[in-house]
Amino acid sequence: QRKITIAIDGHSSTGKSTVAKELAYKLGYLYVDTGAMYRAVSFFALSENLINDGQLDEAALEQRLKDINISFERDPETGTNEVCLNGKNIESQIRTLEVSGVVSKVASVSAVRSKLVEQQQRMGAAKGVVMDGRDIGTVVFPDAELKVFMTAAADVRAQRRYEELTKAGQQVQYDDVLKNVIERDHIDSNREDSPLVQADDALLLDTSHMDRDQQFDTLLHWVNQEL
Ligand code: C5P
């Protein structure tokens, strides 16, 4: 059976990673969470004090990019890929509101994007990959056989993310989560380099009124049309 490239883009907290991961597992494909890579760079910038009072020192970050090595490591228990920064697994530290609050700013720096895009293209070069992010179908793999653009009403997305964070033991307010979701979409959609936009040939998946199974079934149906 032929192997294809599946690009899943969309707004924040639409459940992209969850469904992309399931799909990759079902197909025996590689799954790449590109948001985790931007979060890892943001984690680095925060740890190295390159962000103060919410202000990112872009020049300093650009200079330090060569010191950043991002990789993935398979968790033997869950079988999922976890992100590592310079060899250290930081998966459990990148989904906080602190990181979410700065990641869109970090992701708008062109030097950051070109470094990560190049790595993503290498990771997916052999096809048989499901990659999720904001610019996969438009920039990373413009020739992907299947492109999906996921969205949902902002309050639905914030509610889902709020439940996820609370379940993970994080103390957050719903209003702060909603604010972050809206703010990230705004920055991601309006940045100069690779803004978040639905590719002309991407299929739209609005998950406002869909549960996970319905999302998965729709995606799988689209995949089967390509195989
Ligand atoms: O997917 P996730 O919500 O974890 O992504 C975090 C942030 O990383 C996004 O809000 C966006 O600013 C950035 N991002 C990006 N391009 C990608 C993936 C993520 O700019 N391909």
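This is a predicted model: local features need pLDDT of at least 70, side-chain atom pairs count only at pLDDT 80 or more; totals for chains, interfaces and linings use all residues.
## Overall make-up

Residues are numbered from 1 along each chain as its sequence is written, and side-chain values use heavy atoms, with hydrogens and water left out.

## Salt bridges

Side chains of opposite charge can pair when their charged atoms come close. The structure holds 13 salt bridges, a salt bridge being a side-chain nitrogen of Lys or Arg within 4 Å of a carboxyl oxygen of Asp or Glu. One of them pairs R113 with D135, whose closest N and O atoms are 2.9 Å apart. R113 lies in helix α5 (residues 110-123) and D135 in the loop between β8 (129-133) and α6 (136-140), so this pair ties together parts that are 22 residues apart in sequence. R113 is buried, with a relative accessible area of 3%, and D135 is buried at 1%, where buried means under 20% relative accessible area, exposed over 50%, and partly exposed in between (1.4 Å probe, protein chains only).

The side chains of D188 and R191 also meet in a salt bridge, at 3.5 Å from N to O, and both D188 and R191 are buried. Salt bridges that share partners join D33, E91 and R95 into one network. In the salt bridge between D67 and R64 the N to O distance is 2.8 Å; here D67 is partly exposed at 33% relative accessibility, and R64 is partly exposed at 27%.

## A negative surface patch

E22, D211, D213 and D217 form a negative surface patch. Patches are made of residues with over 30% relative accessible area and no salt bridge, like charges being joined within 9 Å and nonpolar side chains (Val, Leu, Ile, Met, Phe, Trp, Tyr) within 5 Å. Of its members, D217 lies in helix α9 (residues 212-226) and is partly exposed, with a relative accessible area of 48%.

F43 is found in helix α2 (residues 34-47) and counts as buried at 17% relative accessibility. Its C-alpha atom is separated by 9.8 Å from that of S100, 57 residues apart from F43 along the chain.

A199 has its place in the loop between α8 (174-190) and β10 (203-206), and counts as buried at 11% relative accessibility.

## Positive phi angles

Most residues other than glycine have a negative phi. D53, in the loop between β3 (51-52) and β4 (55-56), has a positive phi near 50° although it is not glycine, and D53 counts as exposed at 82% relative accessibility. K127, in the loop between α5 and β8, is likewise not a glycine and has a positive phi of about 60°; K127 counts as partly exposed at 35% relative accessibility.

Methods. Accessible areas come from the Shrake-Rupley method with a 1.4 Å probe; for residues, only the protein chains shown count as cover. Lys and Arg count as positive and Asp and Glu as negative; His and the chain ends are not counted. The place of a charge is taken as NZ of Lys, CZ of Arg, CG of Asp or CD of Glu. Helices (H or I, at least four residues) and strands (E, at least two) are DSSP runs, numbered from the N terminus.
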